[in-house]
Amino acid sequence: MGRHRKRHKRLVAKLRDACLGQSTVEFAVVTASLMCVATGLSLLWNLLGAGAFVDHALLSASHHVQAATGFALADVFMF
């Protein structure tokens, strides 16, 4: 019986040594992905703060506020 127990302990020790760095690699992958998400969110926050999305929406709108002086009313009724 003792012989099987020794063989089992050696097998467990080999398996433990083989999986020793797995948690370190998982931690590095999760940390890198969270850093990418945080960087992306901070870039979006800066764009929102600078008004880049609002400027883009105004430029791509079909009825721009500044360009719709006299033709806005006619355009609405002709639609």
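Is Lys14 buried or exposed? Lys14 is exposed, because its relative accessible area is 62% (exposed means over 50%, buried under 20% and partly exposed in between, with a 1.4 Å probe and protein chains only). Keep in mind that this is a predicted model, where local features need pLDDT of at least 70, side-chain atom pairs count only at pLDDT 80 or more, and totals for chains, interfaces and linings use all residues. Residues are numbered from 1 along each chain as its sequence is written, and side-chain values use heavy atoms, with hydrogens and water left out.

Now for the layout. The chain has 4 helices and 0 strands (DSSP runs numbered from the N terminus: H or I of at least four residues for helices, E of at least two for strands). Along the sequence that reads α-α-α-α. Of the 79 residues, 3% are buried. The chain exposes about 7,500 Å², with 71% of that coming from carbon and sulfur atoms (areas by the Shrake-Rupley method with a 1.4 Å probe).

Lys14 sits in helix α1, residues 2-18. Together with Lys6, Arg7 and Arg10, Lys14 forms a patch of positive charge on the surface. Patch members have over 30% relative accessible area and no salt bridge, with like charges joined within 9 Å and nonpolar side chains within 5 Å; a salt bridge puts a side-chain nitrogen of Lys or Arg within 4 Å of a carboxyl oxygen of Asp or Glu.

Next comes α2, residues 22-50: at 1.5 Å a residue its 29 residues should span 42 Å, and its end C-alpha atoms are 42 Å apart, which agrees. Just past α2, Gly51 has a positive phi of about 80°.

There's a nonpolar surface patch too, made of Val37, Leu41, Leu44, Leu47, Leu48 and Phe53, with about 560 Å² of accessible area together. Helix α2 gives the most to that patch, 5 residues. Leu44, in α2, is partly exposed because its relative accessible area is 41%.

Definitions and conventions. Expected span 1.5 Å × (residues − 1). Lys, Arg positive; Asp, Glu negative; His and termini not counted. Charge placed at Lys NZ, Arg CZ, Asp CG, Glu CD.
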